[in-house]
Amino acid sequence: MKKITELTAELAAPAIAEQGCTLWDVEYVKEAGTWYLRILLDKEGGVDILDCEEISRRVSDLLDEADPIEGSYTLEVGSAGAERALKRPSDFQQFLGSPVLVKLYRAREGRKEFAGYLKGYDEATGDVTVTVGSQDLVFPKKETALIRLRVEF
């Protein structure tokens, strides 16, 4: 049986494409005792509330029909956001040179967060290289809790 996130991505794909959007990610997570099924979108020029509303309505109907989830959950459809998490190799390739924030599971040199610029991604290991100040730091995948884009002002 397919994972809920994979099945949701397949069901949602036509509605997302028809709205001129692309699927960034699907999450199925439990927060404060409630299950959330989140569909995160991207679109050239930005995702707006009308995109989210239309896709939510259509995907909700498809999920009701397929009924892949036991129990109750909350469906959320939204933009991946300007400070989106980078997860897939293609995400890292797309945003090479961009400002990022790296969060670690354990402190390195007394810090758990490093802000810099994405310099490289090793597809074989999942390790990420980030230029922090004048240094290139390598963050092994197993030590990295989160890598997300960072907006600079």
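Which residues does Phe 92 touch, not counting residues up to four places away in sequence? In this predicted model, Phe 92 touches Leu 86, Lys 87, Leu 118, Tyr 121, Val 128 and Ile 147, where contact means heavy atoms within 4.5 Å. Local features were considered at pLDDT of at least 70 and side-chain atom pairs only at pLDDT 80 or more, while totals for chains, interfaces and linings use all residues. Residues are numbered from 1 along each chain as its sequence is written, and side-chain values rest on heavy atoms, with hydrogens and water left out.

The protein chain contains 3 helices and 8 strands; helices (H or I, at least four residues) and strands (E, at least two) are DSSP runs, numbered from the N terminus. The order of the elements from the N terminus on is α-β-β-α-β-α-β-β-β-β-β. The C-alpha trace spans about 55 × 35 × 30 Å along its principal axes. Of the 153 residues in the chain, 35% are buried, with buried defined as under 20% relative accessible area, exposed as over 50% and partly exposed as in between (1.4 Å probe, protein chains only). Among contacts with a separation of 6 or more, 54% join residues 24 or more positions apart.

In soluble globular proteins, nonpolar side chains tend to be buried together. A nonpolar core is here a set of buried Ala, Val, Leu, Ile, Met, Phe, Trp, Tyr and Cys residues joined through side-chain atoms within 4.5 Å. The largest such core has 19 residues, and those touching the most other members are Leu 86, Phe 92, Val 100, Val 128, Val 130, Phe 139 and Ile 147. Two or more residues are given to this core by each of strands S4 (99-108), S5 (111-121), S6 (128-132), S7 (135-139) and S8. A second, separate core of 15 residues includes Val 26, Ile 39, Leu 41 and Ile 69.

Phe 92 also belongs to the lining of the largest pocket, together with Leu 86, Lys 87, Tyr 121, Gly 126, Val 128, Phe 139, Lys 141, Thr 144, Ala 145, Leu 146 and Ile 147. On a 1 Å grid over the protein atoms alone, a pocket is an open set of points with protein on both sides within 12 Å along at least five of seven lines, and lining residues have an atom within 4 Å of a point. The volume of this pocket is about 250 Å³. Strand S8 (residues 144-149) supplies the largest share of the lining, 4 residues.

Strand S2 (residues 34-42) carries Arg 38, which is buried at a relative accessible area of 15%. The side chain of Arg 38 makes a polar contact with that of Glu 76 (2.6 Å); such a contact is a pair of N or O atoms within 3.5 Å, of which, within protein, one must be able to donate a hydrogen and the other to accept it, and residues adjacent in sequence count only if both atoms are side-chain atoms. Asp 42 also lies in strand S2, and its side chain makes a polar contact with the side chain of Arg 84 (3.0 Å).

Ala 32 has a positive phi of about 50° although it is not a glycine. Ala 32 is in the loop between strand S1 (22-31) and S2 and is exposed at 86% relative accessibility. Asp 67, likewise not a glycine, has a positive phi of about 50°. The loop between helix H2 (49-66) and strand S3 (74-79) holds Asp 67, which is exposed with a relative accessible area of 55%.

Notes: On a 1 Å grid over the protein atoms alone, a cavity is a set of points where a 1.4 Å probe fits but cannot get out, and a pocket is an open set with protein on both sides within 12 Å along at least five of seven lines; lining residues have an atom within 4 Å of a point. Grid points are joined across faces, edges and corners, and a volume is the space filled by probe spheres set on the points.
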